[in-house]
Amino acid sequence: MDTTIRDLNRRIGETVTIKGWLYNRTDKGKLVFMQVRDGTGICQAVVFKRDVDEATFDAALHLPQESSLIVTGEVRADPRAPGVPGGYEIGVRSMQIVQRAEDYPITPKEHGVEFLMDNRHLWIRSTKQWALLRVRATVMRAIRSWLDNNGYVEMSTPILTPSAAEGTTNLFEVGYFDDKAYLAQTGQLYNEANIFAFGKVYCFGPTFRAEKSKTRRHLTEFWMVEPEIAWCDLDQLLEIEEQMVSHIVQTVLAENQNELKVLGRDPAKLTHIAPPFPRITYDDAIAAIKQVQAQTEDPEQKQLLDITWGMDFGAPHETALTQLYDKPLFVTGFPSAVKAFYMEPYPGRPEVCKSADLLAPEGYGEIIGGSERISDPDLLLRRIHDQGLPEEAYKWYIELRKFGSVPHSGFGLGVERTVTWICGTEHVREAIPFPRTIYRLYP
RNA sequence: UCCUCGAUAGCUCAAUGGCAGAGCAACCGGCUGUUAACCGGUAGGUUACUGGUUCGAGUCCAGUUCGAGGAGCCA
């Protein structure tokens, strides 16, 4: 019966068979130490010359990295054994080589970014990438389980969308028979229709943005979950967000200790992630950034932190703000002028809107953007006109406010940025199996 | 789009304008506990491309291509 490496701790003393790939190998005289991975972990398989026939020992001695193989032997606990989780090894009695790999390009040594990205189809086998993508899978599962268990109905929103509502600079254009279509950069507008049928909904899928961004936090294709809730104001929305994000983090802590260890991520940075998250208004955030700026010695950093009321935050501002807290931080009440047309203004203070960004700690930046939506059809129409948007394209969207309009709110959470933060990783490109960036469409 | 930096062996990188080098990987040999092992040996080059300066260019100059970091952009 086949066993997985993850289950070896329950098979000590038994003879098992592992099907996998040779991750690394070293030898010492009459011993060959093979690191075998099977997708669930890495385990050391020790080939001792006296325990196997000569052909098997000779084959093990010369087996190249990433060859596929089937090994059979007795499981034993040994604190010297490396691997994931480590501490267990197999004393090999027999081995079948399924395919000898030749000249596998990625070695356990250091490599550059371009080389690794060119070899992304192979790089995902490396332990750090393996760990990141397993955490990503946990994050996606935790998102779905939290929403499903809290009464949200998953809705599929379209990826092909009609004529661009507000310029095409950030949209990928595709041919649509004799017409043009655009790849969706949000499912929100459709979800605002869905809530009137289902109350609480979410969509979860890839989104596309043709931004010419060249930073560690941008992809042109990324995954976003977008819940939308009827009868929900901004305060209630923030409570939903902090509960869901906390659930995601706690699920990873419960299920991915091995992966976090491989990544060198200190769990102590995550254990305290629980409601409530701190909240700060845009007004106070500007003041806080100015204070940090005043205390900054470095003239270049001082200039990057320059900000006046009315400006949107740049990456340096977000970083400075989040370093003041050890939990994700809500920033509420952004100027309406820098936010989307559909955001509800504050009563008596129309220059700011009921919007909230959630900024991850340690400078990982915005992981959620959300807001209360305008529910009054006349105000919505005025905002569409103010921003010079084509009314015709929004006909159906405005109509939602004519047939039983209610206060409602929603948000979008970026999966890759969330994974990057939880894993303590440098760049979002490693948080998705095959990243799409401005200069990368291969493999 | 802008700023900065880079491109040399399969990989990561050295080389004052003067013989093209090392480590790792590969290959051969040694070692019964390796953790990116260690030790000895072998093989491996259109120095991104185009042009220029020079007795002589990997090195200096100009242009091109590709990449990295940052900024901008990011309803």
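This is a predicted model: local features need pLDDT of at least 70, side-chain atom pairs count only at pLDDT 80 or more; totals for chains, interfaces and linings use all residues.
Residues are numbered from 1 along each chain as its sequence is written, and side-chain values use heavy atoms, with hydrogens and water left out.

Nonpolar cores were defined as sets of buried Ala, Val, Leu, Ile, Met, Phe, Trp, Tyr and Cys residues joined through side-chain atoms within 4.5 Å; buried denotes under 20% relative accessible area, exposed over 50%, and partly exposed the range in between (1.4 Å probe, protein chains only). The largest such core contains 49 residues, and Ile 143, Leu 413, Trp 421 and Ile 422 have the most contacts inside it. At least three of its residues come from each of domain 1 (5-99) and domain 2 (121-278 + 325-431), the bounds being those of an automatic or database domain assignment. Leaving aside residues up to four places away in sequence, Ile 422 touches Val 135, Val 139, Ile 248, Val 249, Val 252, Leu 260, Arg 265 and Leu 270, a contact being heavy atoms within 4.5 Å. A second, separate core has 21 residues, among them Leu 8, Ala 45, Ala 60 and Ile 90.

The largest cavity holds about 60 Å³ and is lined by Arg 37, Gly 39, Thr 40, Gly 41, Ile 42, Arg 125, Ser 126, Thr 127 and Trp 130. Because domain 1 (5-99) and domain 2 (121-278 + 325-431) both contribute to this lining, the largest cavity lies between them. The second largest cavity, of about 30 Å³, is lined by Glu 211, Ser 213, His 218, Leu 219, Thr 220, Thr 437 and Ile 438.

The second largest pocket has a volume of about 280 Å³. Its lining comprises 13 residues, of which Lys 214, His 427, Arg 429, Thr 437 and Tyr 439 are the closest to its centre.

The structure holds 0 disulfides, a disulfide being a pair of cysteine sulfur atoms within 2.5 Å. For Cys 232, the nearest cysteine sulfur is that of Cys 353, 16 Å away. Cys 232 is buried at 2% relative accessibility, and Cys 43 is buried at 3% relative accessible area.

Definitions and conventions. Chains are lettered from A and ligands numbered from 1 in the order in which they are written. On a 1 Å grid over the protein atoms alone, a cavity is a set of points where a 1.4 Å probe fits but cannot get out, and a pocket is an open set with protein on both sides within 12 Å along at least five of seven lines; lining residues have an atom within 4 Å of a point. Grid points are joined across faces, edges and corners, and a volume is the space filled by probe spheres set on the points.
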